[in-house]
Amino acid sequence: MRMLSRFFGLISCLLLVGACNSSPGSSGSGASTSGDVIRIGLSGALTGGDAILGQTQREGVQLAVDEINAAGGIQGHQIDLITEDEANDPSRMAQIAQKFINVDHVDAILGGTNDGTAVVLAQTAESANVPLVVPFANGNQITAGRKWAFQVDVASSSFVQGIVTYDAKAYKKICITYDNNGFGQEDRDLAVSDLKALNVTPAAVVELPNEGQDYTPQLQQLQSAGCEVTISPDSGTNVAQLRKNMVQLGYEPVITGPNSLAFQSMIDVGQNFVEHKVFFMDLIDASKPAVIDFQSKFTARFGSPATSGFELLGYDAMKVLAAALEKGWPDKTKVRDALEGLQNFALVSGGTDSTLSYSATVHNRPTPSDLVWRWVDKGAFANAPIPFPTQ
Amino acid sequence: MTFLIQTILSGVALGLAYAILALSINIIYSTFNILNFAQGELMMLGGMLGWVFYSQLNLPYPLALIAVMGGCAGVGILEWAMTVWPLSRRHATLISIVIATLGFSIVIRIAVLLTMGGVERFARPPLGSSTVEIGGIHLVSQDFVIVLATVLLLLATWWVYTRSSLGLALRAAAINPEASRLVGINVSRLTMVVFGLGAATAGLAGFLLSPLAYASPSIGLDFAILGFTAAVIGGLGSWPGAVVGGLVLGVIEALAFRYVSSQWGDFLTFALMLTILYIRPTGLFRELGASSA
Amino acid sequence: MRTFRDGARYLPAAGFLSIALASLIVPIASGNSYILEVASVMGISVILALSLNLLYGYTGQLSFATGAFLGIGAYTATILTTVVGLPFLVSLIPAIVIPGLVAYVVGLPTLQLRGNYLAIGTLAVQLAITAFFQQASSLTGGTLGIFGMQRPTMLGISFASDGAYYVLISVSAIGCYILASRIVSSRWGRAASAVGTDDIAASAMGMNPTHYKVMMFSLTSMMAGLAGALFAYQLLFISPVSFDINESIVVLAMVVVGGVRSNPGAVVGAAVITIVQQVLFGAGQFEFLLFGLFIIATLVFAPRGLVGVVGTVARTAHRLASKSVAPRVGRHV
């Protein structure tokens with residue numbers, strides 16, 4: 001009994017001690033003096049369903065960090081990147097954010113790979129006055145009304161607008177298929193209202209269950225509605241499966257969607273089923289000189305080129321942050337001001353001449369013209385011909 | 001009308017795969033009353049090993065099949081050694097064993113994630129991806145493979161249980177483990193064999209299903225739920241029940257997604273499982289062998 | 001001569017008091033937001049672990065539905081606050097009561113099931129409710145979740161700061177611990193425990209096992225609902241992913257690792273699992289692997305959990321140290 005009580009007393013001390021000393025084995029997060037290195041916390045989903053997002057984000061950011069460090073760093077100091085896995089869990093994200101700020105003493109944070117975790121990250125950064133740059137979560141609530149959070153990705157409403165504009169012009173019967181997650185549901189609602197603004201009602205709105213093995217029943221719903229094209233904010237593998245079922249049934253509407261389709265797994269799983277049949281808007285323009293240059297650097301570092309705009313967004317986010325740190329470090333408020341003062345910063349992501357400008361009221365990227373249509377050609381992603389070839 | 005039949009048949013193909021999984025659950029349950037929560041991950045493992053052996057290493061199909069089932073059996077035996085064997089030696093409660101299998105399911109999932117990566121993989125269909133059209137109904141070659149495999153599996157299971165000495169030992173142990181020990185049956189080793197067989201069967205289900213879609217390391221939990229639902233519908237522990245339960249589940253799911261709602265299909269599946277549990281927990285078929293609950 | 005037992009009467013209360021005070025004061029005194037964050041998560045986890053321990057440890061009903069009821073509490077509090085504008089304390093009431101009602105309705109048929117069927121049944125309940133959170137988007141915001149919660153203000157005092165809000169969590173956790181202890185030592189609680197040990201024997205003695213099981217299910221779901229409301233006001237954002245089957249499994253792990261059938265065990269389990277997660281953050285996927293192995297290892301080597309281990313160590317130490325004490329045979333025990 002006595003031992004038990006003492007043991008519990010130990011637990012509460014352990015809490016204090018353990019939390020203070022907790023610095024897990026990610027790249028060199030020592031408690032050294034803040035004069036030596038510039039510490040940047042990077043958070044992304046590295047496990048779970050969205051693991052590919054965290055991975056691509058990390059690769060893009062890492063490439064930028066390597067480049068900057070090789071060129072002498074920021075104000076002569078090297079960047080120390082501290083990576084954590086938010087695992088798509090908002091509660092875990094809050095703990096990681098606090099750890100970055102109060103244990104690792106970071107100078108700035110990058111990350112938040114889905115809207116939910118990005119909002120939690122933004123909340124925490126805001127109350128701690130730490131600059132945050134979010135590479136690709138693009139929901140509105142992340143930066144709205146906040147002083148310290150900035151987004152680099154084009155808003156999802158812009159993606160949907162771009163898709164709807166094309167589809168409404170080229171096709172009569174439009175349907176929507178969507179993933180059962182926050183992003184899919186949000187894009188579905190955006191698509192419905194954008195179509196409504198053009199006086200178009202979708203012929204069918206169908207959910208594709210996540211990682212389903214067979215979409216024949218859902219496809220039949222589309223078929224009986226007579227769909228010619230689908231707007232599909234889905235994962236690449238779900239669309240690959242949909243394509244398989246389409247070929248099986250002999251009913252093949254055109255598939256259009258945002259860059260959620262832009263992952264290598266769509267090609268790996270879809271094989272020749274997705275060749276020339278799936279069109280998506282993305283932020284990677286293969287004909288742009290800056291992108292060609294980026295790809296050769298990326299391939300040299302990671303062994304194969306970047307497949308989608310996500311790696312580019314990670315790279316751009318780090319470069320944007322570095323530019324601000326160069327101006328304002330070590331004063332976090334000066335860094336923030338530098339971010340707000342960003343004008344016409346040349347980006348790798350997006351179409352030719354795409355640049356980023358922030359201001360006191362604009363902390364995101366509302367430029368739909370940055371988007372590029374892509375498709376699968378000869379087993380790899382490439383810029384798509386416009387208008388889509390009819391087959 | 002052809003639409004309806006097409007919907008139903010797409011449900012049948014999936015349903016048979018669920019049936020094989022339910023069968024694997026019942027093999028273990030009917031003998032030892034243990035609900036192995038890792039069966040879903042074992043099915044996932046079968047799909048992933050199939051990708052490794054058949055799609056990546058390009059082994060001939062029969063060899064890949066043996067490798068997949070053997071690999072899964074090995075993991076099943078490892079599970080027995082780490083969870084069931086030590087716990088039953090310590091006379092732990094059944095619920096403890098169930099929780100331990102849950103812990104092991106997590107171990108399988110992460111181990112696969114670490115060794116084979118988290119991305120979905122293409123699983124090559126042995127007879128190619130061509131579509132066959134019969135009277136307006138479209139079928140893929142893998143559908144036939146699944147049907148054939150199910151029939152063979154059922155025959156094999158029937159033969160083992162009714163005609164072999166192993167089957168005799170299994171039935172004896174199911175009815176009365178103590179008496180079986182007295183007549184010289186090594187119940188401990190039998191448990192090991194049963195776990196191996198159950199795992200191999202689950203792996204087979206995964207290997208058969210993955211060419212329809214893909215092999216992915218994160219679908220183990222979904223499989224587990226579907227497998228348990230199918231087993232419960234048909235009757236936990238019953239082999240014809242497993243087949244009927246799987247078919248019923250597959251077809252009802254397909255019909256629900258097509259005609260009721262694409263959104264609430266999952267919810268309806270779980271509501272169905274609960275309804276069966278409330279109204280007729282023993283399922284459609286009375287279970288053979290071990291006593292209930 | 002004073003025996004061990006005489007002084008021991010006061011030790012549990014003294015021990016409890018010291019821990020309760022320490023857990024309340026230490027994180028706030030540290031002034032470190034990270035420690036407060038971890039302590040807040042731990043406090044909420046303690047409530048959940050206590051609830052599942054009462055249901056599973058004492059009443060023997062294995063439930064996978066903890067996450068679901070956590071979620072019902074969280075969504076109730078959030079929706080009523082963001083849509084209707086209810087103040088904190090008022091929103092707590094439905095956040096506690098509604099999960100209890102749902103649990104009662106769902107529990108009546110489900111808790112008639114036994115053993116393996118019960119496990120599957122609660123699993124189906126958990127999954128159905130998660131699916132509901134994801135699909136009923138006009139009510140729950142769907143998979144995207146609900147933003148816009150604010151920290152509460154009561155009696156003119158703002159609890160917006162992490163430290164101030166932690167006071168609320170800590171007080172609630174301590175309150176739940178006292179409640180759980182009272183339940184366990186009450187007559188009703190002992191009857192429930194009898195049902196948990198052997199419900200057939202209990203019904204042979206004239207008790208209605210189903211009544212105790214359903215009432216305990218309902219009661220513990222209310223505790224989970226309270227935890228859910230506290231969670232919503234702490235994180236200020238809720239989405240279905242925080243209330244899914246994985247959450248239920250983590251809470252089950254806390255109960256198993258800490259020690260079933262023991263309220264201190266639930267507290268220890270919640271604390272240990274939370275700390276382990278912090279330490280293993282950087283280990284990536286290994287964290288979850290170790291988690292699974294941890295569960296198995298505890299069940300095999302320390303079936304009575306950490307408190308069981310500590311108890312065994314304490315007894316062995318006591319026995320070794322008190323060889324000179326007169327034998328207890330013949331003493332009034």
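Leaving aside neighbours within four places in sequence, Leu21(B) is in contact with Gln39(B), Met43(B), Ala202(B), Ala205(B), Phe223(B), Gly227(B) and Ala230(B); contact here asks for C-beta atoms, placed from the backbone, within 7 Å. This is a predicted model, in which local features need pLDDT of at least 70 and side-chain atom pairs count only at pLDDT 80 or more, while totals for chains, interfaces and linings use all residues. Residues are numbered from 1 along each chain as its sequence is written, with chains lettered from A and ligands numbered from 1 in the order in which they are written.

Leu21(B) also turns up in the largest nonpolar core: of its 324 residues, Leu132(A), Leu21(B) and Cys72(B) touch the most other members. Such a core joins buried Ala, Val, Leu, Ile, Met, Phe, Trp, Tyr and Cys residues through C-beta atoms within 7 Å, where buried means 20 or more other C-beta atoms within 10 Å of the residue's own. Helix α3 (residues 33-58) of chain C gives the most to this core, with 18 residues; helices are DSSP runs of H or I, at least four residues long, numbered from the N terminus. Domain 1 (35-154 + 291-360) and domain 2 (157-282 + 372-383) of chain A both supply residues too, so the core lies between them.

Let's stay with those two domains, whose bounds come from an automatic or database assignment. Their C-alpha centres lie 29 Å apart, and 10 residues of domain 1 of chain A are in contact with 12 residues of domain 2 of chain A.

Finally, where chains A and B meet, the contact takes 28 residues from chain B and 24 residues from chain A. On the chain B side, α1(B) gives the most, with five residues.

Methods:
Buried ≥ 20, exposed ≤ 12 C-beta atoms within 10 Å, placed from the backbone. Helix = DSSP H or I, 4+ residues; strand = E, 2+ residues; numbered from the N terminus. Contact = placed C-beta atoms within 7 Å.
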